[in-house]
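Notebook open, structure loaded. I jot down what I look up as I go.

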Amino acid sequence: MANYIQLHYFHGRGIGEPIRLLLTVGGVDFVDNRYTLDEFAAMADLKAKLPFGQIPALEVGGVFLGQTDSLMRFSARLANLYPQNSLEAARSDMIVAHQADIHSSIAKMSFDGVPGAPGTKMVPEPERCERIGAWMENTLPGLLERLEQLAEPDFMIGTTLSWADICVFNRLTQLLDTDETLLATKLPKLRAVYEGVAALPSVRAWIDTHAEDYPRGNALPPG
Ligand SMILES: N[C@@H](CCC(=O)N[C@@H](CS)C(=O)NCC(=O)O)C(=O)O
């Protein structure tokens, strides 16, 4: 149904991108509404309909849904990317939660408040780079090693593509923008997951048509 599902989020990837990717990989039609910070700040009518006043939000047949984790899981179900088996579903949940923790660690080092909220400022660039650089050197390797240990040879869960792969791919794209060598010599299973998702025709087409969000494209340095 035309316009049945609408995503409301800012320009850029942020926490909205995995929702876009999940719907895209699943072939689910959606309208990708994107706003600037100022546009969103002035959208009183939209904000009044949002369950928690924040975006990303999905509008499904006129019903508004919020909270990224719920939106990703809902999108994964629509896309047939949410495991049917309860144990696999729980394992996928914990992997998705873990990669979200990585995102929020970086967001906390980047903003002095809620991202995109009026009054929130970016942490000054030199301080932000220093903080994130130290965290990527000292903390991130252990967090990624945990994911590597959990991964199967080609997928995060079992032998088929799931939302865990898409969410891990999305997280890795963000981290690779800061450190292109991240998957060069270590983390072979995460590299395989990244390469598998990057090679999906729907993901390739998405990246090609949203080049402004993917400055590196989807290529990796040789491993
Ligand atoms: N817990 C929420 C947090 C959402 C959130 O922080 N959204 C930010 C953008 S990334 C937002 O709406 N900022 C504008 C505002 O709060 O006015 C989620 O996971 O979706």
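Classes before counts: I take Ala, Val, Leu, Ile, Met, Phe, Trp, Tyr, Cys and Pro as nonpolar, Asp, Glu, Lys and Arg as charged, and the others, Gly among them, as polar.

Ground rules. This is a predicted model, where local features need pLDDT of at least 70, side-chain atom pairs count only at pLDDT 80 or more, and totals for chains, interfaces and linings use all residues. Residues are numbered from 1 along each chain as its sequence is written.

**Ligand shell.** I looked up what surrounds the ligand and got Gly-14, Ile-15, Gln-54, Ile-55, Pro-56, Gln-67, Thr-68, Val-114, Pro-115, Gly-116 and Ala-117. Near here is a C-beta atom, placed from the backbone, within 6 Å of the molecule. By class I read 6 nonpolar, 5 polar and no charged residues in that shell.

My helices (H or I, at least four residues) and strands (E, at least two) are DSSP runs, numbered from the N terminus.

**Helix H5.** Why 36 Å for the span of H5 (residues 86-110)? At 1.5 Å a residue, its 25 residues should span 36 Å, and the end C-alpha atoms are 36 Å apart, so the two agree. The expected span is 1.5 Å times one less than the number of residues.

I list Ser-92, Ile-95, Val-96, Gln-99 and Ile-102 as the buried residues of H5. Buried means 20 or more other C-beta atoms, placed from the backbone, within 10 Å of the residue's own. Their cover includes H4, H7 (140-150) and H8 (163-178).

**Strands.** E1 (residues 5-10) and E3 (residues 57-60) run antiparallel, joined by 4 bridges; pairing needs at least two DSSP bridges. His-8 has Ala-57 of E3 as its bridge partner. E3 also pairs antiparallel with E4 (residues 63-65), over 3 bridges, and Leu-58 stands opposite Leu-65 there. Their hairpin has 2 residues between the strands, and Gly-61 takes a positive phi near 55°.

Methods. Buried ≥ 20, exposed ≤ 12 C-beta atoms within 10 Å, placed from the backbone. Contact = placed C-beta atoms within 7 Å.
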